[in-house]
Amino acid sequence: MKALVTGAGGFLGGYVVDELLRRGHEVHALMRPSRELPSEWEGRGVKRVALDLRDRGDGLSHALADCDAVFHLAATTSGTWRSMFDTTVTATERLVDTMRADGWRGRLVHVSSFSVYGLNQVRAHSKIDESTPLEPNPRLRDDYAWTKWLQERVVRELQAESDVEVAIVRPGIIYGPGRAFQHQLGRELSPNALLMYGGLVTMRLNFVENTASLLAECGESPRAAGEIFNAVDPRPQRQYEYARRWRDADPDNRKVIPFPLFALRLFGAGLTRAEKAGVAVSPPSFLDPYKLKPAYADFRYDTSKATRVLGWQPPVSREQALDKTFAEVGP
Amino acid sequence: MSSDPGQAPLRAAIVGLGAISFEHIEKLQLLDEVRIAGVCDLDATVTKAVCERYGIGPAFTDFDRMLAEAQPDVVHVLTPPQSHRPLAIAALEAGSHVLVEKPIAPTAEDYAAMRDAARSADRHLVENYNWRQAAVVRRAVELQRSGAIGDVVHVEVVFGGILSGGGGPVSDRDVVHFSHALPGGALQNFASHPVSIALSFMDDVVGVSTMRRRLDPAMQSEDELRALIAGERTSGLVSVTRHAEPPAFLLRVSGTEGAIEADIYNDRLYVAGPGGGLAKVVNGMRQGLNLIGGTAGLFAKTLTSRLDHFEGLENLLEGLYGAVRDGGEPPVTGAEMDAVNDVMFKVFSSEGQL
């Protein structure tokens, strides 16, 4: 297959390009004009498509005409709400509109997010799978969740009414070498100090090579068309287990300071009640119960669908993934 | 604003859904007697999403159509400054009052055209100096005007924590941020805040001397500014800094009988008395207690979301809509805007450059 990868310059993008190459596909890496193609890709026949998805113009049409699958990874996780909106929602709408206008027929593998689920509406400890209802109030979540929710809606509309074969993957928290710290642990006080909220919360971790493998599988397998898959590694870990690995990678310098989650919850709930009673206070983002619960409630993640439907298994075990992630910093 | 159930709500319209627009929408939604009657952006996707998010509308992508259909009392012009002039003039000519985001215009000529249009339409034209309207700055101005520090000798304003690198739209290398195309680059996008604060304490300006430079070669325009403003008897020094840490917004007004010091981001203000006698000890103790109390208060405000960096916008909107409803002057006057922009255009022209 000839695969166009958007967001190829990003963290996950690099792994997806590698995985597609490993599987013998031709890769067109769509990267912002300011990004260079890594030299190791040049030798492996990767074609660079220098394009910013926010730009209008016919560059995208040409790029699509050349490919039979699109892996849509492009999105932004920081900046102002408007810059996140442009790079996540508007860019996706432009991609989808171009597919419609050109009558493009191929496979679109879209990278969504766990943040599209309505995790405030389900009880703690319950099972989360692809049938869990979507967030009914995305504007009450953070700007990332809001823009990813809107972005997925654009893709689902395409899935519902076009000939494009759409597969949607909703990864949990993607981690790997160079991206070890995760917000589901708590707050990063400094690069070497972690304020861990709670300790017992089950993290929805997904090792980046496993995410890339599932995405490639969704591009290849005919059974993926029209489907949605969650991507969370099996045998999930609790915060303290992951935090211990993070600390042990550099035990002389790194510190994990546990902070009781119930204190955050109690204070946040108190502020919310006071606000409703008319007091001029409201919980700041990190105490807002509506934002706390999706990150720090304990859920069970059922990720059997990808195995059931696609026959796919994550290639990297949890132990191997942790070894790879924490290998670069040692005592 | 006082509540009068007999009157129809004032109609607000917004053009330009950049990052700042959420602040305007959220503050407008706090005002009982104002209704958002139209929202406009060239990008239909973002317009629809924002209207849906806040339950407002209708959404427009055509500004003239919005003016005709929404019939706004006040138009908030929040687009990049290069488009302020035609949008503001069209709104004024349609009979609306206009609030324009800072900087009001890239050039003196654009600004003059907007002021003329406001005068001939007999409508308010207000530039958003929201930090000037923050409670802590208002308190400093009241204290100085009540004679708490005697006559002003010198004002210093340091404005940092802006233009941050990495990830923000100002450092985007692919879709270049509008501010870099201003005659004064990204600095011109921010300098109205400290200049409007400094001038609140000064007498008539007689000269300006500036230093502008780029310390970060990856920035697409200059990132450090010092402007020395000479008044008839007072002086002001305005710094806009990207590189100084920690990010701070500081005001110091030195008078013949004392000084006012304000930490604007952290909502803390302290008045030092004149020297002599036990002044060193008394001033030191007062400053220490102020710092301890202010920091405890800051912590409490952070935990309860009461530290609001757009409180000044709320104050400004209350004043502006009050003036539209009841007559009277809005919180930002034409004379103040003339003075601020006169300094702004001098700072960002080549004259007086060190």
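This report covers the chain contact, the sheets, the helix packing and some local backbone features of a predicted model.

## Basis

The model is predicted: local features need pLDDT of at least 70, side-chain atom pairs count only at pLDDT 80 or more, and totals for chains, interfaces and linings use all residues. Residues are numbered from 1 along each chain as its sequence is written, while chains are lettered from A and ligands numbered from 1 in the order in which they are written.

Helices (H or I, at least four residues) and strands (E, at least two) are DSSP runs, numbered from the N terminus. Two residues are in contact if their C-beta atoms, placed from the backbone, lie within 7 Å.

## Contact between chains A and B

On chain B, 20 residues are in contact with 23 residues of chain A. Two elements of chain B give two or more residues to this side: α2 (44-54) and α9 (279-303). The largest share, 4 residues, comes from α2(B). By class, the side of chain B that touches chain A has 8 nonpolar, 7 polar and 5 charged residues. Here Ala, Val, Leu, Ile, Met, Phe, Trp, Tyr, Cys and Pro count as nonpolar, Asp, Glu, Lys and Arg as charged, and the others, Gly among them, as polar.

One helix pair spans the two chains. Helix α4 (residues 81-102) of chain A packs on α2(B) at an angle of about 115°, with the axes 10 Å apart. Axes are lines fitted to C-alpha atoms, for helices over the stretch in contact, and angles run from 0 to 180 degrees between N-to-C directions. From α4(A), the contact uses F85(A), V89(A), T90(A) and E93(A); from α2(B), T45(B), V46(B) and A49(B). This contact has 4 nonpolar, 2 polar and 1 charged residues.

## The parallel sheet of chain B

Chain B holds an open sheet of 6 strands with parallel pairing, in the order β3-β2-β1-β4-β5-β6. Two strands pair if DSSP finds at least two bridges between them. The edge strands are β3 (59-60) and β6 (125-127) of chain B, each pairing on one side only. Strands β1 (residues 10-15) and β4 (residues 74-77) of chain B pair in the parallel sense over 4 bridges. Within that pairing, A12(B) has V74(B) in β4(B) as its bridge partner.

Helix α1 (residues 21-28) of chain B lies across β1, β2 (34-40) and β4 of chain B, running at about 170° to β1(B).

## Helices α4 and α5 of chain B

Helix α4 (residues 84-93) and helix α5 (residues 108-121) of chain B pack at an angle of about 5°, with their axes 9 Å apart. α4(B) and α5(B) are therefore roughly parallel to each other (angles under 35 degrees count as roughly parallel, over 145 as roughly antiparallel, 65 to 115 as roughly perpendicular and the rest as oblique). R85(B), A88(B), I89(B), L92(B) and E93(B) of α4(B) meet D110(B), A113(B), M114(B), A117(B), A118(B) and A121(B) of α5(B).

## The mixed sheet of chain A

Chain A has an open sheet of 3 strands, ordered β9-β10-β13, with mixed pairing. β9 (186-190) and β13 (255-259) of chain A stand at the edges with a single partner strand each, so one side of each is left without a neighbour in the sheet. The twist averages 20° from one strand to the next. β9(A) and strand β10 (residues 193-197) of chain A pair in the antiparallel sense over 4 bridges. The bridge partner of R187(A) in β10(A) is L195(A). Helix α7 (residues 239-248) of chain A lies across β10 and β13 of chain A, at about 175° to β10(A).

## Local backbone features

Most residues other than glycine have a negative phi, and most peptide bonds are trans. Two bonds in chain B are cis: G57(B) to P58(B), with omega near -5°, and E245(B) to P246(B), with omega near -10°. P58(B) lies in the loop between α2 and β3 of chain B. P246(B) is in the loop between β10 (235-241) and β11 (249-255) of chain B.

Q71(B) has phi near 50°. Q71(B) sits in the loop between α3 (63-70) and β4 of chain B, and is partly exposed, with 14 other C-beta atoms within 10 Å. D122(B) has a positive phi of about 55°. D122(B) lies in the loop between α5 and β6 of chain B and counts as exposed, with 9 C-beta neighbours inside 10 Å. A residue is buried if 20 or more other C-beta atoms lie within 10 Å of its own, exposed if 12 or fewer, and partly exposed in between, with C-beta atoms placed from the backbone.
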